[in-house]
Amino acid sequence: VRTRERDEYVRARHRGRPVLVLVNKIDTLRHADRVRMLQDTREKLGLSSDRVLGVALDPLPQLAPAPVGVSAVQQWVAQSMVAAGRRPLWPVGVTDGTSEE
């Protein structure tokens, strides 16, 4: 987490916006490195594990046959919209069926 990213996160939180942090290209890291990177991100931003997700939105085909983590992102967005009193873009609990790790 760089200073600019941390500052953007803080600005969004001060505006009262719900924030989900995505660590993209997680498919390119070994498992131990994934765990360490996600933990480091959580610690630097002071977030719980449900607010920091590892994803591979455009994975390398040889590493993952489909995007990783999309369902978790969709669920978070839908739940955040419901919590804010808004109608979600898709029903809560319905996802696109992409690969999950």
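Q: Let's start with Arg36: which residue does it form a salt bridge with, and how far apart are the closest N and O atoms?
A: Arg36 forms a salt bridge with Asp33, and the closest N and O atoms of the pair are 2.2 Å apart. Please keep in mind that this is a predicted model, so that distance is a computed value taken from predicted coordinates.

Q: Where do Arg36 and Asp33 sit relative to each other in helix H2?
A: The two residues are three apart in helix H2, which covers residues 31–45, and therefore about one helical turn separates them.

Q: And are they buried or exposed? Arg36 to begin with.
A: Arg36 counts as exposed, with a relative accessibility of 54%, whereas Asp33, at 21%, counts as partly exposed.

Q: Which other residue meets the side chain of Asp33 in a salt bridge?
A: That is Arg30, whose side chain meets the one of Asp33 at 3.5 Å, N to O. Arg30 is itself exposed, its relative accessible area being 65%.

Q: What about Lys44, which partner does its side chain meet?
A: The side chain of Lys44 meets that of Asp40 in a salt bridge, with an N to O distance of 3.2 Å. Lys44 and Asp40 are four residues apart in helix H2, so they too are separated by about one helical turn. As for accessibility, Lys44 is partly exposed with a relative accessible area of 39%, and Asp40 is likewise partly exposed, with 30%.

Q: Which residues do salt bridges with shared partners join into one network?
A: Arg30, Asp33 and Arg36 are joined in that way, through salt bridges that share partners.

Q: How many salt bridges turn up in the whole structure?
A: A search of the whole structure finds five salt bridges, the Lys44 and Asp40 pair being one of the pairs that meet in this way.

Q: And how many positive and negative side chains are there overall?
A: The protein carries 16 positive and 12 negative side chains, and the centres of these two sets lie 7 Å apart.

Q: Changing topic: where is Trp76, and is it buried or exposed?
A: Trp76 lies in helix H3, which spans residues 70–83, and with a relative accessibility of 16% this residue counts as buried.

Q: Which residues does Trp76 touch, leaving out those up to four places away in sequence?
A: With those sequence neighbours left out, Trp76 touches Pro18, Val19, Leu20, Asp50 and Arg51.

Q: How far is Trp76 from Pro65, in sequence and in space?
A: Trp76 and Pro65 are 11 residues apart in sequence, and their C-alpha atoms are 23 Å apart in space.

Q: Zooming out, what order do the elements run in from the N terminus?
A: The order is α-β-α-β-α, made up of three helices and two strands.

Q: What about overall dimensions, burial and surface?
A: The C-alpha atoms fill a box of roughly 40 × 35 × 20 Å along the principal axes, and buried residues make up 33% of the 101 residues. The accessible surface comes to about 6800 Å², with 53% of it belonging to carbon and sulfur atoms.

Q: And of the contacts between residues at least 6 apart in sequence, what share joins residues at least 24 apart?
A: That share is 57%.

How values were computed:
Residues numbered from 1 in each chain as written. Predicted model: local features only at pLDDT ≥ 70, side-chain atom pairs only at ≥ 80, totals over all residues. Heavy atoms only, no water. Buried < 20%, exposed > 50% of the residue type's maximum accessible area, 1.4 Å probe, protein only. Contact = heavy atoms within 4.5 Å. Areas by Shrake-Rupley, 256 points an atom, 1.4 Å probe, with all protein chains shown as cover. Lys, Arg positive; Asp, Glu negative; His and termini not counted. Charge placed at Lys NZ, Arg CZ, Asp CG, Glu CD. Salt bridge = Lys/Arg side-chain N within 4 Å of Asp/Glu carboxyl O.
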